[in-house]
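Please view the two together while reading the points below.

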Amino acid sequence: MADAVIVVALLLVAGSATAAVAVRDPVRQALVLAVLGVALAVLFTVLQAPDVALSQLAVGSVLTPLLLLLTVRKVKRRGQRKGREQ
Amino acid sequence: MNGWTLTAALVLGGGVGATLWGVATGPLRRRVVAQNLSTALACPALLLLSQGYDRPSYVDLALVLALLGPVGTLVFARLLSGELAGDPPRAQGVTWAAAGLGAAVVLALCVAVGPGRAMAKLLVVGALLVGGNLVASRALSGGFREVSRG
Amino acid sequence: MNRRTRLWLVAAGGGGLAVLLVAACLELPAFGGASHPYGDRAVRASLSRHTANTIASVNFDQRAYDTLGEMTILFAAVLGCVVLLRQTRDEHRARPEPEEVAPPVRRYALVVLPVALLTGLYVIAHGQLSPGGGFQGGVVAATALHLLYLGADYRALERIRPVGRYEVGDAVAASAYVITGLACLIGGTAFLANTVLPYGTFNTLSSGGTVPLLNAAIGMEVACAVVVLLARFLDQAVEIEEESGK
C-alpha cells in the first residue's frame with residue numbers, strides 16, 4: 001500500500017513510453033514525448049531523486065518539443081519548395 | 001503513506017492517466033489539450049508529494065513545472081498554429097476544472113504550512129500554474145494568427 | 001550481408017544483452033532496502049564539507065572530474081551542431097514573417113520571461129542547498145529567453161540574442177571550470193580537489209567551498225550552449241532557405 005504512488009508512476013511511464021513508440025507521426029510523437037517527460041519527472045520524484053526530476057522537467061517540457069517541432073518545420077518547408085519547383 | 005501522497009496517487013492515476021489516453025489517441029486538437037492538462041495536473045501532484053514527504057525543497061519541482069509546462073504548450077500552439085487553425089480545440093470545461101483543482105491544492109497546502117515564506121512560494125506557484133494553463137489553453141484555441149500563410 | 005543474416009545477428013546481440021541484463025537484475029539488492037553503502041559514505045563526505053545537497057557534492061566535489069567530462073560532451077555536441085547547421089553557400093536568409101499573437105498570450109510571455117529568468121538563476125545559486133544546480137537552472141534561464149520567440153516574434157528574440165557573445169560565454173564558462181580545477185591543483189592538493197576555499201556555514205549560499213563556483217560555471221555554460229543550439233535550429237527552421245532552382 002505504501003508503494004501505491006510508485007506503482008502509479010511506473011505505470012504512467014510504461015504507458016506513455018509505449019505510446020511514444022506506437023504513435024508514428026513525429027508531431028504527435030512530440031506531444032506524447034512531452035507527457036512522457038512529465039511522467040518520468042514524477043517517477044524520479046517518488047523515488048526521491050529530485051535533482052534528476054528537475055533535469056527531466058527542464059529539458060523535457062520545452063527544449064525537446066521545440067527542437068523536434070523546429071526540425072519538422074524545416075523538413076516540411078523543404079518538401080513544400082521541392083513540390084512547387086516540380 | 002499519508003493522505004497527501006494518497007491524494008497525489010489519485011490525481012496522478014486518474015488525471016494524468018486520462019491525459020495520457022487523450023494525448024495518445026484521437027485528433028490533434030484533443031491531443032494538444034491533453035498535453036496542456038498533463039502539466040496542469042502533474043504540478044498539483046508534485047506539490048502534494050512535497051507535502052506528503054515533508055520535504056519543502058521539493059516545491060522547486062512544482063515551481064519549474066508551473067513555469068515551463070505552459071511554455072511547452074505555447075511551443076505546440078505556436079508551431080502547430082497552421083494545423084490547429086482549421087479545427088481549433090475547445091476545452092473550456094476541463095481546463096477550468098484542472099485550474100480549480102490546482103487552486104484547491106495550493107489553498108489546502110497554504111492552510112497546512114501556515115503563514116510565512118513557504119506560503120508565499122506556494123502562492124507564486126499557484127498563480128503561475130493557474131494563469132499559465134489558462135493562457136496556454138487560450139493560445140491553443142487561436143492565440144496565433146499567421147498573417148501571410150495560407 | 002542479406003536480410004536474414006542481419007536479423008540473426010540482431011537477434012543474437014539482443015538476446016545476449018537481455019540475458020546479461022536479467023542476470024544483473026537478479027543480483028541487485030532488494031528494492032527499497034535499508035543498506036546503502038555508497039549513499040552513507042557520500043552523505044558523510046558531503047556533510048564534512050558543509051554541502052547540504054549531497055547530489056551537488058557528488059557532482060561538483062567528489063566526482064567533479066566526471067562533470068568536467070559531461071560538460072565537454074555538451075560543448076562538443078553544440079559545436080558539432082553549429083558546424084552542421086551553418087548557412088552554406090547555396091542558402092540565403094529570408095526575413096521571417098511577423099506573427100500576430102493574441103494580447104493575453106503576449107502579455108503572459110512578457111510577464112513570465114523575467115520570472116523564469118530569475119527562477120533559473122535561483123536554481124543555479126541554490127544548487128548546493130536544494131535540488132537543482134547549474135544544468136537545471138541553465139536550461140530554465142535559456143528557455144526563458146525564448147519566450148520572446150513564442151510570445152512576440154523572431155526578430156524580438158534576435159535583438160537580445162547576439163549569438164556570437166553567447167558562443168564566447170560558452171567557451172569562457174567551460175574554461176572557468178578548468179581554471180578552477182587548476183587553482184585547486186596549485187593552491188590545494190589535486191585537480192578539482194575541494195580544499196582551497198573555506199567551507200563556510202552549513203546551509204548558507206556561500207557554503208561548500210568550490211561547489212558554488214563550479215555550479216555557476218556549469219550554469220553559464222549550459223545556458224549559453226542551449227541558446228546557441230536553439231539559435232542554430234531556429235535559423236534553419238525560420239530564416240535560412242535554399243536557393244531556388246538548384
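In the UniProt record, an unreviewed entry, residues 106–227 of chain C are listed as "domain: Na+/H+ antiporter MnhB subunit-related protein". The model described here is a predicted one.

**The annotated domain of chain C**
- Residues 106–227 of chain C are 70% helix and 0% strand.

**Residue A216(C)**
- A216(C) is part of helix 10 of chain C, which covers residues 211–239.
- A216(C) is classed as buried because it has 22 C-beta neighbours inside 10 Å, and the cut-off for that class is 20 or more.
- Apart from neighbours within four places in sequence, A216(C) contacts I124(C) and G134(C).
- Although A216(C) and I124(C) are 92 residues apart along the chain, their C-alpha atoms are separated by 6.5 Å.

**Transmembrane regions of chain A**
- The unreviewed UniProt entry lists residues 6–23, 30–47 and 53–72 of chain A as "transmembrane region".
- Residues 30–47 of chain A are 94% helix and 0% strand, with end C-alpha atoms 26 Å apart.
- Residues 53–72 of chain A are 100% helix and 0% strand, and their end C-alpha atoms are 27 Å apart.

**Contact between chains A and B**
- Chain A contributes 33 residues to the contact, and chain B contributes 34 residues.
- On the side of chain A that touches chain B, helix 1 (4–22), helix 2 (26–46) and helix 3 (50–85) of chain A each provide at least two residues.
- The residues on this side of chain A comprise 27 nonpolar, four polar and two charged.

Conventions:
Residues are numbered from 1 along each chain as its sequence is written. Chains are lettered from A and ligands numbered from 1 in the order in which they are written. This is a predicted model: local features need pLDDT of at least 70, side-chain atom pairs count only at pLDDT 80 or more; totals for chains, interfaces and linings use all residues. UniProt positions are given in the numbering used here, feature names are shortened, and annotations may be inferred rather than shown by experiment. Helices (H or I, at least four residues) and strands (E, at least two) are DSSP runs, numbered from the N terminus. Two residues are in contact if their C-beta atoms, placed from the backbone, lie within 7 Å. Ala, Val, Leu, Ile, Met, Phe, Trp, Tyr, Cys and Pro count as nonpolar, Asp, Glu, Lys and Arg as charged, and the others, Gly among them, as polar. A residue is buried if 20 or more other C-beta atoms lie within 10 Å of its own, exposed if 12 or fewer, and partly exposed in between; C-beta atoms are placed from the backbone.
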